[in-house]
Amino acid sequence: NFVMSMGLRSQAPMVALVPRRGPAFRIDRYEYPNQAGALPTTGVPVHEAEAICEAEGKHLCTAYEWFEACSENGRHKFLFPGANEFGDSLNRLIDTCNLERTGLPQKLAPSGSYEGCHGPPELYDMVGNAYEWVVLYPGTELYALSGSYYGYSDAMTTQCGFHTLVHSEQVGLIDLDAVGFRCCQTEETP
């Protein structure tokens with residue numbers, strides 16, 4: 001496990017969310033290692049990402065948690081509030097996030113370096129930079145890639161609910177160099 005042996009740990013404060021449906025939770029502000037200015041950790045298979053989050057007392061975010069965080073608890077379906085068309089939202093993302101631009105070289109960027117690329121709760125790089133592993137259905141071997149990554153842009157990736165479904169047996173087919181993750185934590189109820 002190269003990430004844990006390197007001693008990487010989350011450092012930025014998590015963002016607390018209270019969804020309209022489902023339990024309250026906290027989500028990392030940046031892609032793992034949750035540090036502004038650090039390159040997101042990529043190249044990690046999904047089961048290792050789960051183990052890293054668990055070692056920090058957290059869990060790999062579920063698709064539901066990721067959606068609720070991206071959409072500000074379901075208030076809007078695009079990363080940017082007020083964007084009402086795919087083209088409008090995509091153009092805004094290409095201008096402000098680390099997404100593919102025709103003719104320009106693209107690469108992974110330090111977390112938070114695209115300052116305008118965040119949703120209302122100040123969660124950075126949820127679209128662009130690296131895809132993010134999420135658990136589709138806890139207790140199953142179904143996962144998804146959420147958001148988009150630096151080498152791709154498509155009108156569908158601007159939606160908070162956009163996921164590419166992946167069964168654990170398909171993980172070997174994924175270019176893990178473009179895949180990161182962030183961790184979540186369920187809030188304790190009094």
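# Close-up views of a predicted model

**View 1. Strands β2 and β8 run antiparallel to each other, paired over 3 bridges.** This is a predicted model: local features need pLDDT of at least 70 and side-chain atom pairs count only at pLDDT 80 or more, while totals for chains, interfaces and linings use all residues. Residues are numbered from 1 along each chain as its sequence is written, and side-chain values use heavy atoms, with hydrogens and water left out. Two strands count as paired if DSSP finds at least two bridges between them. Helices (H or I, at least four residues) and strands (E, at least two) are DSSP runs, numbered from the N terminus. On β8, look for C184, which sits opposite I27. Strand β3 also pairs with β8 in the antiparallel sense, over 2 bridges. Here H59 has C184 as its bridge partner. As for side chains, in a regular strand they alternate between the two faces of the sheet.

**View 2. Stepping back, the protein chain has 4 helices and 8 strands.** Read from the N terminus, the order is α-β-β-α-β-α-α-β-β-β-β-β. How much of the chain is buried? Of its 190 residues, 52% are buried; that word means under 20% relative accessible area, with exposed meaning over 50% and partly exposed lying in between (1.4 Å probe, protein chains only). Take the contacts between residues at least 6 apart in sequence: 65% of them join residues at least 24 apart. A contact here means heavy atoms within 4.5 Å. The chain exposes about 8700 Å², with carbon and sulfur atoms supplying 53% of that. These areas come from the Shrake-Rupley method with a 1.4 Å probe, and for residues only the protein chains shown count as cover.

**View 3. A disulfide joins C53 and C183, with sulfur atoms 2.1 Å apart.** A disulfide is a pair of cysteine sulfur atoms within 2.5 Å, and the structure holds 2 of them. C53 belongs to helix α2 (residues 46-55) and C183 to strand β8 (residues 183-186), so this link ties together parts 130 residues apart in sequence. Is the link left-handed or right-handed? The torsion about the S-S bond is about -80 degrees, so the disulfide of C53 and C183 is left-handed. Both C53 and C183 are buried.

**View 4. The other link shown here is the disulfide of C61 and C184, whose sulfur atoms are also 2.1 Å apart.** It has 95 degrees about the S-S bond, and the link of C61 and C184 is right-handed. C61 sits in the loop between β3 (59-60) and α3 (63-70) while C184 sits in strand β8, so the pair connects parts 123 residues apart in sequence. C61 counts as buried because its relative accessibility is 0%. C184 is buried too, with a relative accessible area of 0%.

View 5. Rings of Phe, Tyr and Trp (its six-membered ring) pair if their centres lie within 6.5 Å; planes under 30 degrees apart are stacked, over 60 edge-to-face, and the rest tilted. That rule gives 2 aromatic pairs. Y30 and Y124 have ring centres 5.2 Å apart and planes at 20 degrees, so they are stacked. Y30 is in the loop between β2 (25-28) and α2, and Y124 in the loop between α4 (86-96) and β4 (131-135), so the pair ties together parts 94 residues apart in sequence. Y32 and F181 make a stacked pair as well, 4.9 Å centre to centre with 15 degrees between the planes. They link distant parts of the chain, 149 residues apart: Y32 is in the loop between β2 and α2, and F181 in strand β7 (residues 179-181). Y32 and F181 are both buried.

View 6. In α2, the buried residues include V46, E48, A49, E50, I52 and C53. An α-helix has 3.6 residues a turn, so residues three or four places apart point the same way. After α2 comes G57, with a positive phi near 75 degrees. A nonpolar core is a set of buried Ala, Val, Leu, Ile, Met, Phe, Trp, Tyr and Cys residues joined through side-chain atoms within 4.5 Å. Which members of the largest core, 18 residues in all, touch the most other members? They are V46, A49, L60, W133, L145, V179 and F181. Helix α2 and strands β4, β5 (142-146) and β7 each supply at least two residues of this core. The most come from α2, with 4 residues. A second, separate core of 16 residues includes L17, F25, M126 and C184.
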